[in-house]
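Subject: Structure for your files, with notes on helix packing and voids

Hello,

Here is the structure I said I would pass on. My notes come after it.

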Amino acid sequence: MLTASQKQEIYQSLKKEILSVLESEPNRVARMATVACLGAQAFETWFWTGFYVVDETKKAQGIDELVVGPYQGTLGCLRIDFRRGVCGAAARERTTQVVEDVHAFPGHIACDSRSNSEIVVPVFDAKGELIAVFDVDSESYGAFDDTDRVALEDLMQAVFGV
């Protein structure tokens, strides 16, 4: 398990690399794909790394639902209602969810049975609108902590909140 200072170093390097690659790239899907790819490569304990995007068509119909976006890892759930699971909680509450044991989380959706801990960060655009959630799963219990929360919230703001 990495120490907080080791994680911080990795996150600083990751943020610098991502922002460098995305410097003149405005496309949201390309930005998400880059974050998912480089994030998955930076941390060997991340076995699923990616985005669930707010479905704008459903939103226009009054339905709050996420649809799978760019990711790295095994097959993800295709759609997640805001009322279900860790991703739904992050979207609904608009706050980061750090879950040490997903099996103890009420309503957890087991897209992959190997997932034992998870962090889900809401992603906002420059206007403060929720556009997605960034989801990372680990086979290890307690893989994510406040260091991850702070760094990932900062990264999502730097990449998508501009």
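Predicted model: local features only at pLDDT ≥ 70, side-chain atom pairs only at ≥ 80, totals over all residues.

Helix packing

Two packed helices are described by the angle between their axes and the distance between the axes. I have used that description for each pair.

Helix α1 spans residues 4–21 and helix α2 spans residues 28–42; their axes come within 10 Å and cross at roughly 150°. Angles over 145 degrees count as roughly antiparallel, so α1 is roughly antiparallel to α2. The crossing of this pair is right-handed. On the α1 side the contact uses Ile10, Leu14, Glu17, Ile18 and Val21, and these meet Thr34, Val35, Leu38, Gly39 and Ala42 of α2. Sorted by class, the residues of this contact are seven nonpolar, two polar and one charged.

Helix α5 covers residues 146–160, and α2 packs against α5 at an angle of about 150°, with the axes 11 Å apart. These two helices are therefore roughly antiparallel as well, and α2 passes α5 in a right-handed crossing. From α2, the residues Arg28, Arg31, Met32 and Val35 meet Leu155, Met156, Val159 and Phe160 of α5. The contact of α2 with α5 has six nonpolar and two charged residues, and no polar ones.

The remaining pair is α1 and α5, which pack at an angle of about 10° with their axes 10 Å apart. Here the cut-off is under 35 degrees, so α1 runs roughly parallel to α5. From α1 the contact takes Ala4, Lys7, Gln8, Tyr11, Leu14, Lys15, Ile18 and Leu19; from α5 it takes Thr147, Asp148, Ala151, Leu152, Asp154, Leu155, Ala158 and Val159. By class this contact has 10 nonpolar, two polar and four charged residues.

Largest pocket

Where does the lining of the largest pocket come from? α1 and α5 each supply at least two residues, and α5 gives the most, with five. The pocket holds about 150 Å³ of space. Its lining consists of Gln8, Tyr11, Gln12, Lys15, Thr147, Val150, Ala151, Asp154 and Leu155. By class these are four nonpolar, three polar and two charged residues.

Largest cavity

How many cavities of 30 Å³ or more does the structure hold? There is one. About 170 Å³ of space lies in the largest cavity. Its lining is made up of 19 residues, and those nearest the centre are Ile109, Cys111, Glu118, Asp135 and Asp137. Strand β1 (46–54), helix α4 (85–93) and strand β6 (130–138) each contribute at least two residues to this lining. By class the lining has nine nonpolar, five polar and five charged residues.

Regards

Methods. Residues numbered from 1 in each chain as written. Heavy atoms only, no water. Axes fitted to C-alpha atoms, helices over the stretch in contact; angles between N-to-C directions. Helix = DSSP H or I, 4+ residues; strand = E, 2+ residues; numbered from the N terminus. Parallel < 35°, antiparallel > 145°, perpendicular 65-115°, else oblique. Left-handed = near helix turned anticlockwise from the far one by under 90°. Contact = heavy atoms within 4.5 Å. Nonpolar A, V, L, I, M, F, W, Y, C, P; charged D, E, K, R; others polar. 1 Å grid on protein atoms, 1.4 Å probe; cavity = no way out; pocket = protein on both sides within 12 Å on 5 of 7 lines; lining within 4 Å. Points joined across faces, edges and corners; volume = space filled by probe spheres on them.
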